[in-house]
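Please consult the sequence and the model shown here while reading.

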Amino acid sequence: MIVDLNMLMSGDIGMREALMSKIAGEIILSLNPGTVMRKWRTLFNLTQSEVAKLMGISPSVLSDYENNRRKSPGTNFVRRFVTALIEADMRRGGANVRRY
């Protein structure tokens, strides 16, 4: 399914930004950021492969973070992760963005 970038940017941008801040803040402030990343990925019903592809990384890198085998991800990585969750959800109709 091809999604128009304008479609991704339209709608309630404030709601999306608030959710992105909520997810990113929870990850960054957590003592176990990988566990929180996995929580949000599963809440969005996404596989590691789906998210990794959107982020431009290998699924094993995401797995290492989610299983706390790598140190805490930096803010850029968290931003890319959260953006991938939102983008994937919007491609599927945005149900999770509206839910959370």
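## Helix α6

In this predicted model, the buried residues of helix α6 are Phe77, Val78, Phe81, Val82, Ala84, Leu85, Ile86, Ala88, Asp89 and Met90. An α-helix has 3.6 residues a turn, so residues three or four places apart point the same way. The list of buried positions may be read with this spacing in mind; it includes Phe77, Phe81, Leu85 and Ala88.

Helix α6 covers residues 75-91, a total of 17 residues. From its first C-alpha to its last it reaches 24 Å, close to the 24 Å expected at 1.5 Å a residue. Just after α6, glycine 93 takes a positive phi of about 110°.

## The contact of α3 with α5

Two packed helices are described by the angle between their axes and the distance between the axes. For helix α3 (residues 33-43) and helix α5 (residues 59-66), the axes come within 7 Å and cross at roughly 120°. The two helices, α3 and α5, are therefore oblique to each other.

## Glutamate 66

Leaving aside neighbours within four places in sequence, glutamate 66 is in contact with Gly34, Thr35, Met37, Arg38, Arg41 and Gln48.

## Two asparagines with positive phi

Most residues other than glycine have a negative phi, and most peptide bonds are trans. Asparagine 45 has a positive phi of about 55° although it is not a glycine. Asparagine 45 is found in the loop between α3 and α4 (48-55), and it counts as exposed because its relative accessibility is 56%.

Asparagine 68 also is a residue other than glycine with a positive phi, here near 55°. Its place is the loop between α5 and α6. With a relative accessible area of 35%, asparagine 68 is partly exposed.

Key:
Residues numbered from 1 in each chain as written. Predicted model: local features only at pLDDT ≥ 70, side-chain atom pairs only at ≥ 80, totals over all residues. Heavy atoms only, no water. Axes fitted to C-alpha atoms, helices over the stretch in contact; angles between N-to-C directions. Helix = DSSP H or I, 4+ residues; strand = E, 2+ residues; numbered from the N terminus. Parallel < 35°, antiparallel > 145°, perpendicular 65-115°, else oblique. Contact = heavy atoms within 4.5 Å. Expected span 1.5 Å × (residues − 1). Buried < 20%, exposed > 50% of the residue type's maximum accessible area, 1.4 Å probe, protein only.
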